[in-house]
Amino acid sequence: GAENFCVHMRAAAAASSRLPPTACAARLPLRRGSRPGLASAARRGFLASPVARHGDFEWQDAKSPDEVVRFVIVTRDGVRRDVAGKVGDNLLYLCHRLRMSGQVPEITLEGACEASLACSTCHVIVGDGHFDRLPEPSEDEEDMLDEAVCLTASSRLGCQIVLSKELEGMEITLPAYSKNFYVDGHVPEPH
């Protein structure tokens, strides 16, 4: 039983690494219940990295007060909310954090395409005093803004805004509504 299994697994490991069975057996000792595929991968130096999800950085707090960026978000209902993020935060993912953590539950910035520049559901209106401080929008962003509803001269996609100290005091207004052309009537939830 177990011995035949180990012999079979040694032969399979040897075939997969293109080594003669004796060489493999010498370098890959097998015990009952061991997994030769994993041992072989470790021997060849394969590594696994931890899982990273979109927006993980935004779930971390600022490491120092110098990293904090304070600004205002005006919700779809016209309520002004003072919020804070940190340098390097993506506005879309920060809004997801603020909503999911309960800090500002009325922020409904969807981001249906998960920041891949394939929709306009994270459309925001940037206050005039800070609009010119943002980098120029890419052609892809401009193409998606063409699809946005409630478009203004200072419209941007939230997924393309990365917070910096220059944006301290910025005002972001959520448009009266957004349109997800894939799922009309969908209640926006972060992915």
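Helices and strands are here DSSP runs, at least four residues long for a helix and at least two for a strand, and they are numbered from the N terminus.

**Close-up 1. C150 lies in the loop between helix 6 (139–145) and strand 4 (155–157).** In this predicted model, C150 has a positive phi of about 60° although C150 is not a glycine. Most residues other than glycine have a negative phi.

**Close-up 2. A115 belongs to the loop that lies between helix 4 (91–100) and strand 3 (123–126).** The phi of A115 is also positive, with a value near 70°, and A115 is a residue other than glycine. With a relative accessible area of 25%, A115 is partly exposed.

**Close-up 3. The side chains of strand 3 point two ways.** H123 and I125 point one way from the strand, whereas V124 and V126 point the other way, and all of them are buried. In a regular strand the side chains alternate between the two faces of the sheet.

**Close-up 4. Strand 3 pairs with strand 4 in the antiparallel sense.** The pairing of these two strands extends over three bridges, and V124 has R156 in strand 4 as its bridge partner.

**Close-up 5. Strand 3 is also joined to strand 5 (residues 171–173).** These two strands run antiparallel and are joined by two bridges, and I125 stands opposite T173 in strand 5.

Technical notes:
Residues numbered from 1 in each chain as written. Predicted model: local features only at pLDDT ≥ 70, side-chain atom pairs only at ≥ 80, totals over all residues. Heavy atoms only, no water. Buried < 20%, exposed > 50% of the residue type's maximum accessible area, 1.4 Å probe, protein only. Pairing = 2+ DSSP bridges.
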